[in-house]
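User: Please take a close look at one helix in this model and what surrounds it. Keep it brisk.

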Amino acid sequence: MKDILNTDDLHLLVEDFYRKLLFDKSISYIFTDVVKIKLEEHLPILVTFWSQAIFNTGGYFKNLTQIHLDISEKEYLTPELFAIWLKHFNAAVDENFMGTNCEKIKTQALSLATVMQIKINLNGKKLDN
């Protein structure tokens, strides 16, 4: 297996990742019922995000935190959902690639999931007050 080297590799990764997410009924409803993503529009955005995170290419300008806060207002994004998300992400990486960028992207995904959970919980506490 090779490392993640370019945007084509990232596209393959996010396609496999979303295939896993959408097959898993314990999390798929977030994408099909709550957010109602259009995969053909969403996947290129994810490729741009991960390309920026791994290859420092730039081009991602959305407020990732606010997007997840907005989703969590509709349907609380629990720690369990983040654990499922991370499990499928790591599986998609490990089943398709091996190398330094693979470890980097998995570390970034863990950091992202951790930060999002903290911010969602902090936002929830502000709303409760």
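Analyst: Start with helix α3, residues 39-55. It has 17 residues and reaches 23 Å from its first C-alpha to its last. At 1.5 Å a residue, 24 Å is expected, and the value found is close to that. Bear in mind that this is a predicted model.

Burial comes next. The buried residues in α3 are Leu43, Leu46, Val47, Phe49, Trp50, Ser51, Ala53 and Ile54.

Now the loops on either side. Phi of Lys36 is positive, near 55 degrees, and Lys36 is not glycine. The side of the question that concerns solvent is simple: Lys36 has a relative accessible area of 58%, so it counts as exposed.

After α3 comes Asn56, with a positive phi. Asn56 sits in the loop between α3 and α4 (64-74). Its phi is near 55 degrees, again in a residue other than glycine. Asn56 has 65% relative accessibility; the cut-off for exposed is over 50%, so Asn56 is exposed.

The buried residues of α5 are Leu81, Phe82, Ile84, Trp85, Leu86, His88, Phe89, Ala92 and Val93.

α5 also packs against another helix. Two packed helices are described by the angle between their axes and the distance between the axes. Here the partner is α1, residues 7-23. The axes of α1 and α5 come within 9 Å and cross at roughly 135 degrees.

Which residues make the contact? From α1 come Leu12, Leu13, Asp16, Phe17, Lys20 and Leu21. From α5 come Trp85, His88, Phe89, Ala91, Ala92, Val93, Glu95 and Asn96. By class, the contact has nine nonpolar, two polar and three charged residues. Some of the α5 contact residues are also buried, among them Trp85, His88, Phe89, Ala92 and Val93.

Technical notes. Residues numbered from 1 in each chain as written. Predicted model: local features only at pLDDT ≥ 70, side-chain atom pairs only at ≥ 80, totals over all residues. Heavy atoms only, no water. Buried < 20%, exposed > 50% of the residue type's maximum accessible area, 1.4 Å probe, protein only. Helix = DSSP H or I, 4+ residues; strand = E, 2+ residues; numbered from the N terminus. Axes fitted to C-alpha atoms, helices over the stretch in contact; angles between N-to-C directions. Contact = heavy atoms within 4.5 Å. Nonpolar A, V, L, I, M, F, W, Y, C, P; charged D, E, K, R; others polar. Expected span 1.5 Å × (residues − 1).
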